[in-house]
Amino acid sequence: MIQKLKILPPTIRDKKRYIAFELIFHGEIGREDVISMVLDASLYLFGANGAGKFDLWIVKLWPCRTGEDNTENVNEHKMKGILRCRREEVDSVRAVLPTITKFRGKNVVFHTLGISGTIKSATKNFIKL
Amino acid sequence: MQKNYSSRINFDKSKFFDLHMHGDKELINEAERLGYAGIALTSYFEDYNNDFFNEFEEIEQSTNLILKKCIEISCKNPEELKKKVQKSRKKVDIVMVRGGDLKVNRAACEDRRVDVLSQPYRSRRDTGLNHVLARKAAENNVAIEINLKFFLKTNLRYRYQVISQYRHIMDLQRKFEFPIIITSNSNSKYDLRTPQDIIALSKCFGMTIEESYGAISTTPENIIEINDNRSIFVIDGVKTI
């Protein structure tokens with residue numbers, strides 16, 4: 001039987017914030033790619049010392065359709081997602097996202113949509129599927 | 001608990017400006033979606049002709065954004081700069097000089113007709129500014145530009161240099177109080193960032209939230225306002241009614 005730790009009581013847990021973001025990429029992209037992009041960028045900007053405090057995690061990702069007139073940019077893919085981090089480090093994590101410019105030699109851009117305290121309200125207010 | 005996490009401070013979110021953008025209609029629409037209120041469409045001095053003017057008017061009719069014409073002058077020596085500024089001052093709203101050379105930096109800081117000195121740190125190790133230039137820039141109301149594309153396009157290995165250059169500029173700015181603006185210098189929609197992201201990123205350059213908000217909101221707004229009234233000002237403090 002796998003031993004499991006008992007879950008921490010809420011008062012001792014780290015406080016979290018959820019950042020809703022969207023990304024536009026020229027080509028196909030998966031969840032692992034997004035994780036590696038965000039982690040690499042945070043390591044480059046803040047180093048191991050800073051990135052260790054973030055407690056980063058990609059919670060969810062949704063593929064979206066690109067705008068109404070996607071006739072010319074067939075390869076362009078748009079995704080929306082939710083990123084979890086510690087409450088004290090929200091500003092730093094937010095600073096990491098705009099520094100991501102390239103992935104596998106192709107252009108990529110991240111925009112934050114908003115910050116929320118729960119996954120539910122982040123999806124409802126900012127993702128708006 | 002730390003005091004400043006993003007959602008704390010609620011500034012007026014409807015007044016963000018970007019004074020350096022080379023683009024077409026698609027880019028302007030994207031900027032509008034990201035929450036900008038005003039944009040300066042920039043053309044290089046060599047490319048400024050009737051085509052740009054026509055395109056500008058076409059775009060202006062189709063959007064709700066505040067659109068301004070901006071010209072970017074690149075020159076090798078101060079004499080050339082003076083000629084080019086003289087030529088273009090009355091044609092456009094905003095005159096921007098691309099720096100990098102020390103003499104050009106100095107000439108641009110001393111010229112009242114110049115609005116923005118773009119990238120004084122370009123292809124240099126230091127900032128290209130010192131206390132003399134900073135004082136001149138403050139006297140003549142020349143804004144210094146912090147260029148985000150320059151930061152983002154620099155190789156990851158050398159980004160630390162850019163960050164330290166921006167930090168030194170901010171140190172000078174606090175002492176001499178010349179205007180400072182943050183621009184995107186975007187060619188495509190992959191270069192654009194939302195204003196809130198820019199505020200978060202500029203914390204890495206040692207700017208406080210108030211400073212960075214001023215750099216993308218109130219200072220550009222002042223520049224636009226001054227230039228709207230430039231024709232009626234005779235000299236400092238005197239205007240025709």
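How much area do chain A and chain B bury between them, and what share of it is on carbon and sulfur atoms? That's where I'd like to start today. The answer is about 2400 Å², with 54% of it on carbon and sulfur atoms. On the chain A side, three residues lose the most area to chain B: A:D91, A:P98 and A:H111, and together they make up 24% of what that side buries.

Before I go on, a word about what you're looking at. This is a predicted model, and it scores ipTM 0.84 and pTM 0.86. For chain A, the average pLDDT is 87, and 93% of the residues score at least 70. Among the elements of that chain, β1(A) has the highest mean, 91, while strand β4, residues 102–103, has the lowest, 86. Chain B averages 85, with 95% of its residues at 70 or above. Its strand β7, residues 180–183, comes out highest at 91. Confidence in chain B is lowest in strand β8, residues 233–235, where the mean is 76. As a reminder, where pLDDT is low, the predicted coordinates should not be read in detail.

Okay, let's get to know chain A. You'll find three helices and five strands in there. If you walk along from the N terminus, the order is β-α-β-β-α-β-β-α. Its C-alpha atoms fill a box of roughly 50 × 35 × 35 Å along the principal axes.

Now back to where the two chains meet. In terms of contacts, 29 residues of chain A touch 26 residues of chain B. Five residue pairs across the two chains are in polar contact. So which parts of chain A give two or more residues to that side? They are β1 (16–26), α1 (31–51), β3 (76–86), α2 (90–96) and β5 (106–116). The one that gives the most is β5(A), with seven residues. Sorted by class, the chain A side has 13 nonpolar, seven polar and nine charged residues.

What about salt bridges? Over all chains, the count is 24, and four of these run between chain A and chain B. Here's one to find on your screen: A:D91 and B:K203, with the closest N and O atoms 3.8 Å apart. A:D91 sits in helix α2 of chain A, and B:K203 is in the loop between α8 (195–201) and α9 (209–228) of chain B.

Last stop: the aromatic rings. There are nine aromatic pairs over all chains. Let me show you one of them, in chain B: B:Y121 with B:F150. The ring centres are 5.2 Å apart and the planes are at 50°, which makes the pair tilted. Why does this pair tie together parts that are 29 residues apart in sequence? Because B:Y121 lies in the loop between β5 (116–118) and α5 (131–140), whereas B:F150 belongs to helix α6, residues 148–153.

If you'd like one thing to look at first, go to A:D91: in the model, its side chain meets that of B:K203 in a salt bridge.

Methods
Residues numbered from 1 in each chain as written. Chains lettered and ligands numbered in written order. Predicted model: local features only at pLDDT ≥ 70, side-chain atom pairs only at ≥ 80, totals over all residues. Heavy atoms only, no water. Contact = heavy atoms within 4.5 Å. Buried area = accessible area lost by both parts, 1.4 Å probe. Salt bridge = Lys/Arg side-chain N within 4 Å of Asp/Glu carboxyl O. Polar contact = N/O pair within 3.5 Å; in protein donor to acceptor, adjacent residues only side chain to side chain. Helix = DSSP H or I, 4+ residues; strand = E, 2+ residues; numbered from the N terminus. Nonpolar A, V, L, I, M, F, W, Y, C, P; charged D, E, K, R; others polar. pLDDT = per-residue confidence, 0-100. Phe/Tyr/Trp six-rings, centres within 6.5 Å; stacked < 30°, edge-to-face > 60°.
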